[in-house]
Amino acid sequence: MTAAASLDFDPNTLDVPAGHFVGGRLVERPGEAILVLRPSDHQPIGTLSDGGEAVVDEAVAAAKAGLAASRWATVSPRERARVLHRFADVVEANAPALARLEAANSTRPIAETSVRDAVRTAGVIRYYAEFCDKLEGDITATEGSVLSLVKGEPYGIVGAVVPWNFPMITAAWKFAPALAAGNAVVMKTSELTPFSLIALAVLSPEAGLPAGLLNVVNGLGHTTGSAIVRHPDIRKISFTGSTATGAKLMAEAALNGLKPVTLELGGKSPQLVFADAADLDAVAGHVARGFLGNAGQVCTAGSRLVVQRSVAEPLIEKIEASCAAVRAGPTWEGATTFSPIVSARQAERIDQLVRATIAEGATARIGGRPLEARNAGAWYAPTILEGVTEAMTGFREEFFGPVLSVHRFDDVDEGIAMAGHPVYGLAASVYTADIGKALRASDRIAAGMVWVNHHGRAPEFTFPAGGFNGSGFGKDMGRAGIEGFQRQKAVWIDYAA
Ligand code: NAD
């Protein structure tokens, strides 16, 4: 058996958790039933019920009781760290099962979930466990006999809402720092991919995480998600998802308690290639992975290739070769390297955006159509579009599929200007052998993350993720990721008397 084949598994034999995870246990509650399909074959993997306000109320009550009983916000930071390290241990011990569940329910192939998603989720928890006793305040400059302290304190109960494209790890980016900072969490999974996060939460009592500190509720956005945003006892909201939903959510958070929000939203990220990039083969590999990974269903997908004209043709030919080499297949086969699209509806949306862009005058060099699938899942062909102008659908809209538009430039300033986008500013990559040029370009591109000679997050947890402009604000991960779950209090002590 090859190494890849040894990862194969039967998706019909998995333990799929049922219910909401509230107050340290799974609870079944009445609610509209939602059938959840596996993206790879559109067969049911399980059902969930839309929790709505009733389950969110129950989760908030459990969070309040859990905070009070455990004194989580005020126990010694080392005790919080100890519990979170144990949580990371338990997640690591269960990583193979979590990886299979993630692969079966989502678009993430087992070859990736088995070495990345589950393992890195444990890593995120461990990274933030280490922060617990390293968050320090300030003493500000004052006149004599005054001590002016600035200290971070937890919000209390925080809410989080996450999307379907990296279900476990995106959730960990939020619940791990929130817990490490001393909060309790009420979060909603995506209705398309709920099961890995529920299974992860089910492991938390085994690690000794006090009941009620981590609650995961299931349901739809406009019902259960909105109930989290509106709940008066939830004091901060952290959201990852589309720009349109983020805007709606921010308005709702403002009108219901003026809650601060962190928004990790969509992107239209450029990959800017200068002619002096050192190794065109390596660049082609990065560019291809940058828009083909998870079949483009990545917020930071490098969906616009902005390339200096003199190297454009050879580079695109190499990228086309990478596109031809993808292996589309079910996520439970170890040999699969190319993900299905999460749902038939999403695949149809990608196709409509591509067809609209072509109708407006662009041409498809390759792809531009769904891929024939071996089974009932939906795959979209790797697609490279030429002639996409700023007025076209394909420039304005996020495809969230394996689609790359090509934009050629002649001089450096023109390239940097073309890398900008009127709406989005999530990420960008710059390829050049000249580090000065790379840094000057990164200074001038309005994006929250810039990679040089690389595209996509590195496995380190220290790099804060988050965008500018229509891609949102606030950061997940890094020190900023935990500071976002604290509010600052200033304390003035006059000791003259
Ligand atoms: P989405 O905005 O449709 O949904 C995201 C989550 O919000 C889901 O759990 C959904 O149920 C919930 N939701 C929907 N309406 C809501 C409402 N009114 N109130 C509260 N919650 C609501 O996004 P999606 O289609 O699940 O995910 C894809 C999008 O996410 C893309 O735009 C992608 O770029 C973005 N994304 C961004 C990042 C980032 O870090 N910037 C990471 C991953 C995905």
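How many aromatic pairs does the count come to? The rule takes rings of Phe, Tyr and Trp (its six-membered ring) as paired if their centres lie within 6.5 Å, with planes under 30 degrees apart called stacked, over 60 edge-to-face and the rest tilted. By this rule there are eight aromatic pairs. The structure is a predicted model, in which local features need pLDDT of at least 70 and side-chain atom pairs count only at pLDDT 80 or more, while totals for chains, interfaces and linings use all residues. Residues are numbered from 1 along each chain as its sequence is written, and side-chain values use heavy atoms, with hydrogens and water left out.

One of the pairs joins Trp164 and Phe400 edge-to-face, at 5.4 Å centre to centre and 80° between the planes. The pair links distant parts of the chain, 236 residues apart: Trp164 is in the loop between β7 (157–161) and α5 (167–180), and Phe400 in the loop between α12 (393–396) and β18 (403–409). Here helices (H or I, at least four residues) and strands (E, at least two) are DSSP runs, numbered from the N terminus. Trp164 is buried, with a relative accessible area of 12%, and Phe400 is buried at 14%; buried means under 20% relative accessible area, exposed over 50% and partly exposed in between (1.4 Å probe, protein chains only).

Phe274 and Phe409 form another edge-to-face pair, with 5.7 Å centre to centre and 80° between the planes. This pair also links distant parts of the chain, with Phe274 in the loop between β12 (270–273) and α9 (280–292) and Phe409 in strand β18, 135 residues apart. Both Phe274 and Phe409 are buried. Lys437 lies over the face of Phe274, at 4.8 Å from the ring centre. A charge sits over a ring if NZ of Lys or CZ of Arg is within 6 Å of the ring centre and within 35 degrees of the ring normal. The charged end of Lys236 is likewise placed over the ring of Phe485, 5.6 Å from its centre. Elsewhere, ring pairs link Tyr127, Tyr128, Phe131 and Phe461 into a cluster.

Turning to the ligand, 25 residues lie around it, and Val162, Glu191, Ser242, Leu265 and Glu398 come nearest; a residue is near if one of its heavy atoms lies within 4 Å. The side chain of Ser242 has an N or O atom 2.7 Å from an oxygen atom of the ligand. A backbone N or O atom of Gly241 lies 3.3 Å from a ligand oxygen atom, and a backbone N or O atom of Leu265 is 2.7 Å from a ligand nitrogen atom. Taken alone, the ligand exposes 840 Å², and the protein buries 88% of that (areas by the Shrake-Rupley method with a 1.4 Å probe). Two or more residues of the shell come from each of α7 (221–230), β10 (236–240) and α8 (243–255), and α7 gives the most, with three residues.

Asn294 has a positive phi of about 50° although it is not a glycine. Asn294 lies in the loop between α9 and β13 (304–308) and is buried, with a relative accessible area of 3%. Asn469 also has a positive phi, near 50°. Asn469 belongs to strand β22 (residues 468–469) and counts as exposed, at 51% relative accessibility.

Key. A polar contact is a pair of N or O atoms within 3.5 Å; within protein, one must be able to donate a hydrogen and the other to accept it, and residues adjacent in sequence count only if both atoms are side-chain atoms.
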